[in-house]
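Let's take a walk through this fold, starting with what touches what and then stepping back to the overall layout. Keep the viewer open as you read.

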Amino acid sequence: MIRPALYADIPTICALMIEGHKVSKYKDYPLDTKRKFRTLLMESIRSGNSCVFVAERQGVVVGFLVGMVDDLYHILNVKYATDLFFFALYEGSALLDAFIEWAKIQPGVVRIRLGATDVVEDYNRVAKLYDRKGLTQEGALYEMEIGS
């Protein structure tokens with residue numbers, strides 16, 4: 001089952017974030033779920049400009065997606081919807097469906113833009129999901145490590 005997150009879900013979402021962080025390529029960098037991530041979740045749940053969806057299986061939260069709306073390229077008078085975090089042990093496809101439906105009804109949104117990276121695993125699995133949902137690839141992301 002997919003549903004909007006409640007404030008009561010925040011500890012469980014934080015626990016999932018911690019588990020995802022442990023297997024991410026950023027696992028050696030400190031993660032702040034006590035303050036920064038918790039605050040982001042509270043503001044996103046409260047905001048009309050953001051969303052937090054959770055996936056439940058047998059009453060247990062097994063995934064989440066945090067999304068937001070912003071001005072396209074920060075200078076155009078139209079908006080796009082994007083994800084900030086998308087982590088699911090199960091039900092990832094259904095979480096994405098909920099996000100897409102949410103994005104479609106947001107005022108001024110003309111595009112959905114999602115990234116598929118290798119933060120947690122090979123990005124090809126997520127890219128295939130995006131392809132199945134009708135998203136098309138737009139360019140590529142490049143990264144350079146410059147220190148810790």
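Contact here means heavy atoms within 4.5 Å. Keep in mind that this is a predicted model. With that cut-off, and leaving out residues up to four places away in sequence, L114 touches T82, D83, L96, F99, Y130 and L135.

Now zoom out to where L114 sits. The largest nonpolar core has 19 residues, and L114 is one of those that touch the most other members, along with F53, A81, L96, F99 and W102. Who supplies this core? At least two residues each come from β2 (50–57), β3 (60–71), α3 (92–104) and α4 (124–132). The top contributor is α3, which gives seven residues. Another core, of 14 residues, lies apart from this one; A5, I10, L41 and V66 are among its members.

On to the sheet. Five strands make up an open sheet, ordered β1-β2-β3-β4-β5, with mixed pairing. At the edges you'll find β1 (2–4) and β5 (109–113), each pairing on one side only. On average, neighbouring strands are turned by 25° against each other, if you ignore direction. Strand β4 (residues 79–88) runs parallel to β5, and four bridges join the two.

Helix α1 (residues 10–22) packs on it, touching β2, β3 and β4, and its direction makes about 90° with that of β3. Helix α3 also packs on the sheet, touching β1, β2, β3, β4 and β5, and its direction makes about 160° with that of β4.

Notes:
Residues are numbered from 1 along each chain as its sequence is written. This is a predicted model: local features need pLDDT of at least 70, side-chain atom pairs count only at pLDDT 80 or more; totals for chains, interfaces and linings use all residues. Side-chain values use heavy atoms; hydrogens and water are left out. A nonpolar core is a set of buried Ala, Val, Leu, Ile, Met, Phe, Trp, Tyr and Cys residues joined through side-chain atoms within 4.5 Å. Buried means under 20% relative accessible area, exposed over 50%, partly exposed in between (1.4 Å probe, protein chains only). Two strands pair if DSSP finds at least two bridges between them. Axes are lines fitted to C-alpha atoms, for helices over the stretch in contact, and angles run from 0 to 180 degrees between N-to-C directions.
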